[in-house]
Each structure stands twice: as structure tokens, then as C-alpha cells.
Amino acid sequence: MFDVGFFELVLIGLVALIVIGPERLPRVARAAGLWIGRARRTFTAVKDEIDRELRAEELKEILRKQADSESLERIIESPPKPGRTRAEASEPKPTERSAPPDGTAHRSDPP
């Protein structure tokens, strides 16, 4: 996050020692450590809550898509119509034969 090296930390410590004084420096350092720890825990808690909400939304979307599609149980339990295999039963049966686009008739079509 911050690119603070050893010499920068030493400089910050010297300035804090001069400004705060040697008597109060340990107390201030301890209080600063507690505040930093609280901030990190709060940040982690918020991040975890956001992750949980995102996973919950993804799960809701998956369940919504599954509910919209035809259930597997209904496909398996529905018996095929007589004379048709299960694969043919899942495909719609053509009701009317259409002529080819060039206007010629099929050999099996009556004249």
C-alpha cells in the first residue's frame, strides 16, 4: 500500500520522539496500534460481508436460471408417445411438409 522503507520509519520515529516526548511516546504508539488494528478488522469485516453478498447474488441467479428451465425430473418422468423414441419425443413433430425454395416437389409428394 505505502512504500515506506526503513529510513522513512526511522525519520518518523525521530520526529514523533521530538514532538511527543519520550514519556508519552509508548502510550501514543500503543493507542495508534490499537486504532490501526480496529481499522483493519473493520475493513476485513466489510470486505467479507461484500463477498458473502456477491456469492448470495450469484447463487440466486443460478437458482433463477434453473427454475426457468424445464426440470430434469419432468423430462425423465414424461413417457414418450407410442411409436417414438425418447430422443424423438423431445423434438417437436413436424406437422406440415413445406416445398423446397426452388419450387420443385419431393419424389414422395403426390403430383
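Arg64 is partly exposed, with a relative accessible area of 44%. In this predicted model, Arg64 forms a salt bridge with Glu61, and their closest N and O atoms lie 2.6 Å apart. Glu61 is also partly exposed, at 33%.

The structure holds three salt bridges. Another joins Glu57 to Lys60, with 3.8 Å between the closest N and O atoms. Glu57 and Lys60 are three residues apart in helix α2 and therefore separated by about one helical turn. Relative accessibility is 44% for Glu57 and 46% for Lys60; Glu57 counts as partly exposed, as does Lys60.

Arg52 and Glu49 form a salt bridge with a closest N to O distance of 2.6 Å. Here too the spacing is three residues in helix α2, about one helical turn. Arg52 is partly exposed at 46%, and Glu49 is partly exposed at 36%.

## Nonpolar surface patch

Phe6, Phe7, Val10, Leu14 and Leu17 make a nonpolar surface patch of about 550 Å². Leu17 lies in helix α1. With a relative accessibility of 37%, Leu17 counts as partly exposed.

## Largest pocket

The largest pocket has a volume of about 240 Å³. The elements giving two or more residues to its lining are α1 (6-20) and α2 (25-68). The lining consists of Leu9, Ile12, Gly13, Ala16, Ile20, Leu25, Val28, Ala29, Ala32 and Ile36. Nine of these lining residues are nonpolar, one is polar and none is charged.

Methods. Residues are numbered from 1 along each chain as its sequence is written. This is a predicted model: local features need pLDDT of at least 70, side-chain atom pairs count only at pLDDT 80 or more; totals for chains, interfaces and linings use all residues. Side-chain values use heavy atoms; hydrogens and water are left out. On a 1 Å grid over the protein atoms alone, a cavity is a set of points where a 1.4 Å probe fits but cannot get out, and a pocket is an open set with protein on both sides within 12 Å along at least five of seven lines; lining residues have an atom within 4 Å of a point. Grid points are joined across faces, edges and corners, and a volume is the space filled by probe spheres set on the points. Helices (H or I, at least four residues) and strands (E, at least two) are DSSP runs, numbered from the N terminus. Ala, Val, Leu, Ile, Met, Phe, Trp, Tyr, Cys and Pro count as nonpolar, Asp, Glu, Lys and Arg as charged, and the others, Gly among them, as polar. Patches are made of residues with over 30% relative accessible area and no salt bridge: like charges are joined within 9 Å, nonpolar side chains (Val, Leu, Ile, Met, Phe, Trp, Tyr) within 5 Å. Accessible areas come from the Shrake-Rupley method with a 1.4 Å probe; for residues, only the protein chains shown count as cover. A salt bridge is a side-chain nitrogen of Lys or Arg within 4 Å of a carboxyl oxygen of Asp or Glu. Buried means under 20% relative accessible area, exposed over 50%, partly exposed in between (1.4 Å probe, protein chains only).
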